Amino acid sequence: MADRLPTAVGRAAEAAPPNRFLPIHVEVDLAHLADDDELLAPDRRVATQFYIDDSQSLLTSNDSPDIHYKYSVNAYRGCEHGCVYCYARPGHEFLGFDAGLDFESRIMVKLKAPQLLRAELGKSSWTGELIAFSGVTDCYQPAERHFRLTRQLLEVAAEARQAIGIITKNKLVTRDIDLLAPMAADRLAFVNLSLTTLDAELARTLEPRTSTPTAKLQAIRELTAAGVPVRVM
């Protein structure tokens, strides 16, 4: 897997660091092209690629003392938001990708996620504890506009009267107010919205494909007005 050109347009990661689990990696030497912007332009655009994740289970659990929930679901692995500080980046190496540009441009999609959640909530062993959406990568990242897996998971949770807590930094969460408001009225849903800065320019550097700070504030207003509890992170 080749390293890619630094300063990729619209991406937070400036390089593709070698995967620590792979014995061989390719390093591209572009020093001789450093001043040729026209020639380098196509290499600075890193397109997002989607891969089918055929996982056979969805609910994951943890016993970490610094995480305030035990169970979570993640419909996506990798995240187009590309936040430079994301703690989930190293996990992409287990998939054979790198933690830099690959993490934000090669997204694994669990197309069977709604069916898997329905099956797991229907098990006699399930005790109904709160489930976090997503906990690792953002459940409302740009891919959700197309795949709509988070909305389908919410529909399953609403039908099962399953309590959920959402963690996101994307205004797209307001699309699902029609599901979240009734759940919140029954104390089954709340949203944690990450607002790292009110400086739009700084936000584009830290988290280039998230909603703008203004859009996040609008999301907080809309959710709150609909009766959905919102916590700001």
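Reply: Residues are numbered from 1 along each chain as its sequence is written, and side-chain values use heavy atoms, with hydrogens and water left out.

Me: How do you know how far to trust the protein, going by its mean pLDDT?
Reply: pLDDT is the predictor's confidence in each residue, from 0 to 100. The mean here is 88, and 86% of the residues reach 70 or more. Residues 1-6 are another story, with pLDDT staying under 50. Where pLDDT is low, the predicted coordinates should not be read in detail.

Me: What makes up the secondary structure?
Reply: Eight helices and nine strands.

Me: How do you know that the span of α5 agrees with a helix?
Reply: The expected span is 1.5 Å times one less than the number of residues. Helix α5 has twelve residues (149-160), so it should span 16 Å; its end C-alpha atoms sit 17 Å apart, which agrees. Just after α5, Arg161 has a positive phi of about 55 degrees.

Me: Which residues of α5 are called buried?
Reply: Buried means under 20% relative accessible area, against over 50% for exposed and in between for partly exposed (1.4 Å probe, protein chains only). In α5, Leu149, Thr150, Arg151, Leu153, Leu154, Val156 and Ala157 are buried. Over the protein, 48% of the 233 residues are buried.

Me: Why say that the buried residues of α3 line one face?
Reply: In α3 (residues 113-121) the buried ones are Ala113, Pro114, Leu116, Leu117, Glu120 and Leu121. Seen down the axis, they fall within an arc of 160 degrees, so they line one face of the helix. That arc is taken over the directions from the helix axis to the C-beta atoms. Their cover includes β3 (71-73), β6 (131-133) and α5.

Me: What makes β1 and β4 edge strands?
Reply: Two strands pair if DSSP finds at least two bridges between them. The open sheet has three strands in the order β1-β5-β4, with mixed pairing. Both β1 (49-52) and β4 (76-77) pair on one side only, hence the label.

Me: How many bridges join β1 to β5?
Reply: Four, and the two strands run parallel. Phe50 stands opposite Ile107 in β5.

Note on methods: Predicted model: local features only at pLDDT ≥ 70, side-chain atom pairs only at ≥ 80, totals over all residues. Contact = heavy atoms within 4.5 Å.
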